[in-house]
Amino acid sequence: MDFLRTAPHRRLNPLTGEWVLVSPHRTERPWMGQREARAGTDVPAYDPDCYLCPGNRRAHGAVNPHYPYTFVFDNDFPALLPESEGEKIDRDGLMVGEAERGICRVICFSPRHDLTLARMTVKDIARVVGVWAAQYRALGALDGIGAVQIFENRGDMMGASNPHPHCQVWATGALPNEMAKELASQSAYWRAHGSALLVDYLRLEREAGERIVFENDHFTVLVPFWAVWPFETMVLPRRHVGAIDELTTEESTALAAALSQLTIRYDNLFETPFPYSMGFHQKPTDGEAHAEWQLHAHFYPPLLRSATVRKFMVGFEMLGSPQRDITAESAAARLRALPATHYLATA
Ligand code: H2U
Ligand code: ZN
């Protein structure tokens with residue numbers, strides 16, 4: 001297995017069936033990148049111009065309540081609408097289109113404009129986990145909703161419109177692409193082995209140990225063997241569970257603690273509020289049991305070498321396969337070695 005450390009090779013993502021090219025021999029390239037000053041100290045706790053801060057007016061005139069912890073509202077500019085009608089078109093399988101219905105919401109994590117998950121207390125993050133569970137359950141129970149995607153875009157680099165800590169929920173009729181690929185892979189694995197793909201994968205990872213970033217009693221954070229983004233991670237429950245609303249109170253708190261530990265380490269890596277897109281893949285809400293599905297979160301951060309030097313998915317990666325230089329093992333070792341307390345004070 002030495003080639004995994006030294007030679008160009010490719011690794012399979014069993015969840016999506018896609019390959020990533022790994023070029024560990026290239027990490028020897030010299031890098032003289034400078035360190036930016038510690039970032040994140042210049043954001044006010046309340047911003048009168050923020051459309052998410054308590055008491056402020058949003059774009060279409062609604063006024064946010066003076067919420068003490070979390071706040072959920074229907075997106076004023078939703079990508080999907082509950083009513084969308086039209087005959088499906090299918091011209092020889094070459095031009096296929098259909099109406100899609102859905103609901104989009106925004107969830108504020110905290111009234112504090114200047115906080116992020118990394119700087120919130122585990123107790124307050126656990127409240128957010130509770131909101132995620134309630135939203136998944138309520139939206140998933142609606143007629144015609146097949147999937148509930150909870151995701152957070154953090155940082156300018158990821159196109160987040162506002163530093164105020166928040167995420168979005170898009171509930172859709174159809175399974176989005178990533179969910180569809182993961183469903184196909186997990187179903188095939190379940191049929192072949194009678195066990196859940198990610199449960200078996202986590203067992204292998206815990207035996208190996210080298211890609212694990214953090215663990216508590218109920219959750220493991222790891223850099224997946226097939227990671228594409230330099231510091232990509234997955235958050236996995238140790239128990240076989242399909243969605244956040246199936247977690248016990250103790251497990252929800254453990255998830256909050258795992259998210260806290262991960263985002264603190266991310267921020268500490270380059271001493272900057274770490275940008276990323278993250279989200280939970282929970283079992284489809286199409287009414288089927290989905291025993292094959294294992295709850296998990298993906299974190300996809302773009303940074304590579306410093307607070308400003310990011311990885312670009314261009315060239316060969318757009319046209320061929322994604323590629324990385326630093327191995328999943330060395331990324332995990334770096335994240336694991338970072339301090340467990342934030343470089344700035346916590347809330
Ligand atoms: P992002 O930062 O991930 O873009 O999320 C912010 C969302 O907030 C975005 O989807 C919505 C945008 O449509 N929004 C409102 O619902 N009301 C507003 O007044 C401004 C922004
Ligand atoms: Zn704000």
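Is His-290 buried or exposed, and what is its relative accessible area?

Modeller: His-290 is buried, with a relative accessible area of 11%; buried means under 20% relative accessible area, exposed over 50%, and partly exposed in between, with a 1.4 Å probe and protein chains only. This is a predicted model, in which local features need pLDDT of at least 70 and side-chain atom pairs count only at pLDDT 80 or more, whereas totals for chains, interfaces and linings use all residues. Residues are numbered from 1 along each chain as its sequence is written, chains are lettered from A and ligands numbered from 1 in the order in which they are written, and side-chain values use heavy atoms, with hydrogens and water left out.

His-290 sits in the loop that joins strand 12 to strand 13 (296–300); helices (H or I, at least four residues) and strands (E, at least two) are DSSP runs numbered from the N terminus. Its phi is near 55°, a positive value in a residue other than glycine. Most residues other than glycine have a negative phi. Glu-271 also has a positive phi, of about 45°, although it is not a glycine. Glu-271 belongs to the loop between helix 5 and strand 12 (276–281), and at 16% relative accessibility it counts as buried.

As for the setting, the protein chain has 7 helices and 14 strands. Its radius of gyration, taken over C-alpha atoms, is 21 Å, close to the 20 Å that the globule rule gives for 347 residues, so the chain is as compact as a globular protein of that length; the rule is 2.2 Å times the number of residues to the power 0.38. Of the 347 residues, 50% count as buried.

The largest nonpolar core has 56 residues, and those with the most contacts inside it are Trp-132, Phe-231, Val-235, Leu-259 and Phe-280. Helix 5 (residues 249–270) gives the most to this core, with 9 residues. Such a core is a set of buried Ala, Val, Leu, Ile, Met, Phe, Trp, Tyr and Cys residues joined through side-chain atoms within 4.5 Å. Beyond its neighbours within four places in sequence, Trp-132 is in contact (heavy atoms within 4.5 Å) with partners including Leu-259, Met-278 and Phe-280. Another core, of 13 residues, lies apart from the largest one, and Leu-15, Leu-202, Ile-212 and Val-228 are among its members.
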